[in-house]
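Subject: Structure handover

Hello,

Here is the structure you asked about. Please open it alongside this note; my findings follow below.

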Amino acid sequence: MNATPPAYAAHVVTPPVSLSPSSASTFDQCPRRFRYSAIDQIAEPATNATAKGTAVHRSLELLFSMIDRGQRTREHASKFLAEACEELSQDGTFSGIADFPGLEKFISLAETSLDGYFSMEDPNVPVAILTETKLTRLLGQGELRGIIDRVDEAPDGSLSIIDYKTGKPPRAGYEDKEFRAMRTYALLLREHVGKTPVSLNLYYLRDGLRLTQPCDDRVVTASLRRTQALWSTITTSCEQDRFQPKPGPLCGWCAFQPFCPGDAPVELLNTRIRRT
Ligand code: SF4
């Protein structure tokens, strides 16, 4: 990654054209980080963790989309994982990871997530009507967007959203925050198919743990209001070119730390990162 953010004109910030659940979460976590990633569009380098997530998601996407229900096996998942890793090799993702452990070790780590998935459910049971599907809706002058991992349809026609996680589950008491993105997906799904999902499901693959919350129109409407309020806050931040850093434990995992002024007064921030 280029360790120096690009130059930009003083106090003129164009709002991002779109907002995803992950960029919304970044703004909540640290507005300065949001500025670097969503507005300056400085790409964060892949890590072993993000690459593993990509490979496992792709493997499960192919398992559901390429193999008929009733014929999906663990061997298919491994075959698709190898294909996903080949795609990541080809696009240069692995060569950009500083501490990449080697392909064999990487695949072995990713296989543990697939083992976890198969311990949670038989992929031949769910009727998946959508996999890895990008959905959008208007949000102010911009667009709300999200990629839903999977939507299942029950025999009674009700829908459930599934989101795969390859990281650690949240600590007890912090589960609800993990569902914020899911509520946004529910909003997008309702717009797309005209039906509100009845359940939101997070699959923590490594641990074989499923977290589930019920969903209804009230939940989706609250999500819409929250997203609109967040968009309004982001628009105001752009008008004022004000994106405060919020230093905390997550700074240790932030790719922008080398040039982030951390707790410096906000007036100094633009001076420090702007090239003249
Ligand atoms: S290093 Fe910390 S304060 Fe700076 S942008 Fe990253 S998360 Fe925010």
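First, a term: a nonpolar core is a set of buried Ala, Val, Leu, Ile, Met, Phe, Trp, Tyr and Cys residues joined through C-beta atoms within 7 Å. A residue is buried if 20 or more other C-beta atoms lie within 10 Å of its own, exposed if 12 or fewer, and partly exposed in between, with C-beta atoms placed from the backbone.

Two points on the source. The model is predicted: local features need pLDDT of at least 70, side-chain atom pairs count only at pLDDT 80 or more, and totals for chains, interfaces and linings use all residues. Residues are numbered from 1 along each chain as its sequence is written.

**The core**

The largest nonpolar core has 52 residues. Ala55, Leu81, Ile161, Met182, Tyr185, Ala186 and Leu189 touch the most other members. Helix 7 (residues 180–193) gives this core its largest share, seven residues. Domain 1 (48–120) and domain 2 (128–226) both contribute residues, so the core lies between them. In soluble globular proteins, nonpolar side chains tend to be buried together.

Take Leu189. Leaving out residues up to four places away in sequence, Leu189 touches Leu135, Ile148, Val151, Leu159, Ile161 and Pro197. Contact here means C-beta atoms, placed from the backbone, within 7 Å.

**Overall fold**

The chain has nine helices and six strands. Helices (H or I, at least four residues) and strands (E, at least two) are DSSP runs, numbered from the N terminus. The radius of gyration is 20 Å, close to the 19 Å that the globule rule gives for 276 residues, so the chain is as compact as a globular protein of that length. That radius is taken over C-alpha atoms, and the rule is 2.2 Å times the number of residues to the power 0.38. Buried residues make up 31% of the 276 residues.

**The two domains**

Domain bounds come from an automatic or database domain assignment. The centres of domain 1 and domain 2, taken over C-alpha atoms, are 22 Å apart. 15 residues of domain 1 are in contact with 14 residues of domain 2. On the domain 1 side, helix 3 (48–66) and helix 5 (103–120) each supply at least two residues. Helix 3 gives the largest share of that side, nine residues. By class, that side has six nonpolar, seven polar and two charged residues. Ala, Val, Leu, Ile, Met, Phe, Trp, Tyr, Cys and Pro count as nonpolar, Asp, Glu, Lys and Arg as charged, and the others, Gly among them, as polar.

**Single residues to look at**

Leu202 lies in strand 5 (residues 199–204). Leu202 has 22 C-beta neighbours inside 10 Å, so it counts as buried.

Glu132 is in strand 2 (residues 128–139). Glu132 has a positive phi of about 40 degrees, although it is not a glycine. With 16 C-beta neighbours inside 10 Å, Glu132 counts as partly exposed.

Asp241 is in the loop between helix 8 and helix 9 (266–273). Phi of Asp241 is also positive, near 45 degrees, in a residue other than glycine.

Best wishes

Note on methods: Two residues are in contact if their C-beta atoms, placed from the backbone, lie within 7 Å.
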